[in-house]
Amino acid sequence: MLPHFISNGRKVTALLSNAAAAGDTVDLQDIFFRFTLDSFGSIGFDHPINSLDQQVPFAQAFNRSQATIMRNAFQPHLRFMKDKQFDDDVHLMRSYVQDIIDKRRRQGDYHNRTDLLSQFMTMKDDDGKALPDTYLIN
């Protein structure tokens, strides 16, 4: 786990060093968000999200959906209103994770991996059946 944080920490350091050398301002909250997302992508899915390197639709959708959930927590009446952007973002995130699951099943090596997704993929329910993909995604 530590190597993921070190690798992503080096990327953050490079981003900050380059911005300082150029005299640019940076959005630290955004950089820390992307650091966290990239680190969890590695730990949780053994899959690089690479949001520190480039704009990534998954990261943008995740960020927007988090903002919507926060907004709705403080303005509960908004939960009952249709939000196409939120629905699209959730669909994008679910599809992204489904693609990782499908690839992992095709590779067939999840029994030997240590990331969280692989650990859940090896688990069985009370009837001895593999956990459904909807459970893994959610």
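This short talk covers the aromatic pairs, the salt bridges and a surface patch of one structure.

Good morning. Please keep in mind that the structure above is a predicted model.

Let me begin with the aromatic rings. A pair of such rings is described by how far apart the centres are and by the angle of the planes. In this model there are six aromatic pairs. In one of them, Phe5 and Phe35, the ring centres are 6.0 Å apart and the planes stand at 40°, so the pair is tilted. Phe5 belongs to helix H1 (residues 2-22) and Phe35 to helix H2, so that the pair links parts of the chain 30 residues apart. Phe5 is partly exposed, at 31% relative accessibility.

A further pair, Phe33 with Phe62, is stacked, with 6.1 Å from centre to centre and 25° between the planes. This pair also links distant parts of the chain, namely helix H2 at Phe33 and helix H3 (residues 57-74) at Phe62. Are these two residues buried or partly exposed? Phe33 has a relative accessible area of 18% and is buried, because the limit for buried is under 20%. Phe62, in contrast, counts as partly exposed at 26%. Both residues belong to a cluster linked by ring pairs, together with Phe58 and Tyr96.

I turn now to the salt bridges, of which the structure holds 11. One of them joins the side chains of Lys11 and Asp53, at 3.1 Å from N to O. Lys11 is partly exposed at 25% relative accessibility, and Asp53 is partly exposed at 47%.

A second example is found within helix H2. Asp30 and Arg34 form a salt bridge whose closest N and O atoms are 3.0 Å apart. These residues are four positions apart in the helix, so about one helical turn separates them. Asp30 is partly exposed at 27%, whereas Arg34 is buried at 17%.

Arg104 is buried at 3% relative accessibility, and Asp115 is buried at 4%. Both take part in a network of salt bridges that also includes Asp46, Asp109 and Arg113.

Finally, let us look at the surface. Phe40, Leu116, Phe120, Met123 and Tyr135 form a nonpolar patch there, with about 480 Å² of accessible area together. Phe40 lies in helix H2 (residues 28-45) and is partly exposed, at 43%.

Thank you for your attention.

Definitions and conventions
Residues numbered from 1 in each chain as written. Predicted model: local features only at pLDDT ≥ 70, side-chain atom pairs only at ≥ 80, totals over all residues. Heavy atoms only, no water. Patch = residues over 30% accessible without salt bridge, like charges linked within 9 Å, V, L, I, M, F, W, Y side chains within 5 Å. Areas by Shrake-Rupley, 256 points an atom, 1.4 Å probe, with all protein chains shown as cover. Salt bridge = Lys/Arg side-chain N within 4 Å of Asp/Glu carboxyl O. Helix = DSSP H or I, 4+ residues; strand = E, 2+ residues; numbered from the N terminus. Buried < 20%, exposed > 50% of the residue type's maximum accessible area, 1.4 Å probe, protein only. Phe/Tyr/Trp six-rings, centres within 6.5 Å; stacked < 30°, edge-to-face > 60°.
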